[in-house]
Amino acid sequence: MPAPRAGSDEERGRPVLIVRNLIKRFPGILALDSIDFDLRAGEVHAVLGENGAGKSTLMHILYGLIRPDAGEMMLWGRRYAPSSPRDAVLSGVGMVHQHFLLIPALTVAQNVVLGDEPRRGPLIDLRAAEDRIDRLRTAYGIEVDPTALVADLSVGMRQRVEVLKALYRDARLLILDEPTALLTPQETRHLFRAIQELTARGISVIFISHKLDEVRLVSQRVTVLRRGRAVGTERSTEITPGELARRMTGHEVTMSFRRQASSAGEPLLRIEDLSAQGTGPLTLDLCAGEILGVAGIEGNGQEALIGALAGLIPARGKVWLGGARIDHLTVRQRVEAGLGLVPSDRQEDGLVLPMTAAENLALRSYYRRPYARWGMLDLAQWSRETPGKLKAFDVRPPSGGVKAEALSGGNQQKLVLAREIGAEPRVLIASQPTRGLDVGATEFVHRRLIGLRDSGRGILLVSFDLDEVLALSDRIAVLSRGRIAGLMPRREADREALGLLMMGAPPRGPAS
Amino acid sequence: MTAGALWPFTATLLAFVIGGILAAGFGFNPISAYGALLSGAFGGAFAIATTLTNALPLMFTGVAVALSFRSGLFNIGAAGQYWLGAIAATWIGYRAAVPAWVHLPMALVGGMIAGAVWAALIPGIAKAYRGANEVITTLMMTYIAVYLGHYLIEGGPMQAPGFTPQSPQILPTAVLAGLVPGTQLSWGIALAVLLAVMVWLLLQRTAVGFSLRITGASPGAARYAGVSPRGTIVLALALSGAVAGIAGAVQVLGVDHRLYDSFSTSAGFTGIVVALLARNHPIGVLPAAVLFGALASGGNAMQISAGVPFHLVDILQGLIIFFIAGEGLLRYASWGRPNGQRPA
């Protein structure tokens with residue numbers, strides 16, 4: 001990848017934003033502990049940290065969403081204390097959130113001007129808006145059709161719309177919150193080029209991430225946050241990924257654990273001509289002792305595949321689990337036949353948030369022995385087993401009485417895994433198992449998945465994060481527009497080729 | 001958690017404070033008004049019995065609504081199921097010539113089944129298979145129930161001989177015995193307490209109740225856990241309707257002894273408020289129902305002895321509803337966002 005770095009700018013960059021001694025307390029925690037931070041003109045400054053390190057808090061303060069308890073901020077030489085995002089925008093600060101705030105039913109132009117429409121009398125002057133967007137597009141080289149519906153755009157395109165929104169409001173300082181989380185390698189490269197264009201025109205960028213290598217690639221300087229403290233600012237080229245990881249977590253991290261090539265056994269899960277909700281027909285085999293990664297951009301049939309396999313939605317086609325047909329079974333019967341389900345949305349589908357950890361652990365077994373007798377719950381049995389299960393998956397605190405909503409994201413996911421992997425399923429369908437988790441929790445989840453595989457189970461890993469698919473899978477299937485666009489062993493998989501397949505290019509086509 | 005559990009008390013207290021200020025504003029002495037209210041509701045055995053009699057149907061309907069809320073369904077039509085229960089119990093009460101030990105249970109069970117069917121058959125199945133919003137369907141079924149009841153006793157097959165729009169009186173074998181002589185309070189109160197405890201046990205201690213609760217708290221997680229959404233919907237509405245049906249039956253068998261033209265529908269609707277005040281806890285419904293029963297009986301006394309219009313009670317009820325509904329708003333206003341952090 002070309003490094004979109006502007007080394008010379010760094011030297012002559014005047015300070016744009018200076019943050020001194022910023023402190024923010026929330027009930028029970030010190031979210032920001034006298035943070036110092038500065039950003040220079042035309043610079044990309046990466047902010048790296050785990051969940052709960054204070055990245056979001058810092059960005060929310062910069063964007064006027066919350067106010068600090070103490071500390072000073074100077075923006076372009078003037079005191080800066082935004083009391084709302086509106087203040088921030090008027091001061092020239094723009095933010096692209098990780099989850100886009102776009103209205104799918106509106107066009108790009110309408111989304112961009114929303115809330116700040118050029119008017120002719122009482123009416124919106126859409127033509128003037130489109131003209132202005134066109135000028136911005138040419139000026140910054142952002143390719144997106146202003147008349148297209150946002151609903152029809154890819155994730156990468158939507159992100160460009162978000163950037164346009166900020167530029168339209170004259171942002172000179174752009175905060176990008178985990179901008180590459182959902183992008184393909186090609187889209188990521190495109191984004192990095194766009195960032196280069198922006199900085200060349202004097203726009204400064206704060207780039208929030210937890211991916212070490214891209215931070216080194218895109219930024220000139222990097223500040224690591226850990227538990228509310230800034231643990232140093234370095235030039236991105238002068239610090240090793242290992243050192244960054246150590247600063248982030250506070251301890252040594254094995255960057256990539258060795259994946260032993262598994263000896264795949266007989267097919268455990270067979271899928272033949274499975275179709276549902278416009279997705280398919282799909283044909284796949286998952287073997288014992290194998291992780292089959294399903295790569296793809298969000299919205300390419302992942303939900304339908306999982307729903308059809310789990311029995312959540314009506315589907316056609318045949319599915320065998322360990323030799324027995326399961327496609328006509330209910331969800332519960334499939335679970336009893338040995339299917340484990342880790343839903344992509346742990347808060348909506350994986351857990352009952354207002355219920356306790358013990359109750360959540362019981363979700364797939366509460367109705368049968370030994371957890372219930374004659375229809376009556378055996379709560380004593382639950383409380384006997386709960387602490388052990390929680391400890392086995394390092395759920396903190398390991399108390400069955402704590403409500404799921406009180407747990408951190410990582411611990412919530414561990415709770416889901418404690419239930420689903422703890423039940424020792426023959427086949428685990430894991431969707432986005434590390435979405436939104438910090439480095440430590442991600443590593444834990446990955447190790448557990450590998451452990452399950454090594455015990456001879458099969459795992460279907462559905463993830464939008466290509467790095468994750470590459471890191472864990474023994475074979476990789478690419479899902480694109482509801483079809484399997486490619487299927488290959490991990491050792492033959494190449495991230496560029498996968499990216500093209502994910503975007504719907506024909507397999508083995510003329511590569512870039 | 002504790003702050004949330006205390007909220008019903010705070011809401012009630014706030015309502016009384018503001019109600020008192022309003023009363024003072026209109027030239028009434030709030031102390032004497034509330035004094036009259038209190039002694040009218042709890043001053044002496046007769047007052048207490050009247051309060052409990054008022055509270056009795058609310059205990060049932062409150063439990064019925066709470067049960068549906070806990071299952072994620074909004075059974076707004078407890079009033080209709082209450083009517084159906086009353087109709088069935090009345091009919092069995094005057095028609096069936098069976099021994100007393102069969103007659104009373106038979107009338108109660110008949111009312112229960114009628115309520116269950118009224119809630120489950122159309123609203124339940126329409127929601128389960130067609131996604132029809134149960135708020136609309138249960139409410140529409142309420143109108144049907146009330147008009148059906150009126151038809152039956154206004155020239156219909158259940159009208160007693162004569163011109164008065166009322167059913168025949170139920171046979172003595174079907175009467176739910178009085179608990180306090182000289183008052184309308186019947187043994188139904190014991191049944192209400194028993195039922196509240198049973199519903200609590202159902203929700204907290206049985207597998208079926210657990211299915212209902214996870215469906216109510218997280219439909220997505222319930223689906224992934226293999227709970228049948230359709231079965232749960234029909235079952236939850238049936239159970240809720242059954243309890244509301246018992247309410248109607250108990251009212252007929254213990255208090256009215258026949259179906260009148262002016263048989264009340266308000267118990268079904270007030271049950272919603274009672275359930276909300278009790279935070280949908282089946283046992284918490286009991287004191288919440290007593291509060292509303294006390295407002296009704298004490299309000300009368302207040303009007304007579306202190307000259308304060310009964311409308312103050314309506315205002316108090318409205319304020320309680322307002323503050324219960326406003327809990328989320330108030331919490332937001334006082335603490336702001338939970339902690340301003342999102343998963344990054």
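## Overall dimensions of chain A

In this predicted model, chain A has a radius of gyration of 24 Å, which agrees with the value near 24 Å for a compact globule of 512 residues. The C-alpha trace of chain A spans about 70 × 50 × 50 Å along its principal axes.

Chain A contains 18 helices and 24 strands. Of its 512 residues, 49% are buried. Among contacts in chain A with a separation of 6 or more, 67% join residues 24 or more positions apart.

## Contact between chains A and B

Between the two chains, 36 residues of chain A are in contact with 20 residues of chain B. On the side of chain A that touches chain B, at least two residues each come from α2 (55-62), α11 (331-336), α12 (346-350) and β20 (376-377). The largest share belongs to α2(A), with 4 residues.

By residue class, this side of chain A consists of 20 nonpolar, 9 polar and 7 charged residues.

## Helices α7 and α8 of chain B

In chain B, helix α7 (residues 188-205) and helix α8 (residues 207-217) have axes that come within 5 Å and cross at roughly 75 degrees. Angles of 65 to 115 degrees count as roughly perpendicular, and α7(B) and α8(B) are therefore roughly perpendicular to each other.

From α7(B), the contact uses B:Leu202, B:Leu203, B:Gln204 and B:Arg205, while α8(B) supplies B:Val208, B:Gly209, B:Leu212 and B:Arg213. The residues of this contact comprise 4 nonpolar, 2 polar and 2 charged.

Terms used: Residues numbered from 1 in each chain as written. Chains lettered and ligands numbered in written order. Predicted model: local features only at pLDDT ≥ 70, side-chain atom pairs only at ≥ 80, totals over all residues. Contact = placed C-beta atoms within 7 Å. Nonpolar A, V, L, I, M, F, W, Y, C, P; charged D, E, K, R; others polar. Rg over C-alpha atoms; globule rule 2.2 N^0.38 Å. Buried ≥ 20, exposed ≤ 12 C-beta atoms within 10 Å, placed from the backbone. Axes fitted to C-alpha atoms, helices over the stretch in contact; angles between N-to-C directions. Parallel < 35°, antiparallel > 145°, perpendicular 65-115°, else oblique.
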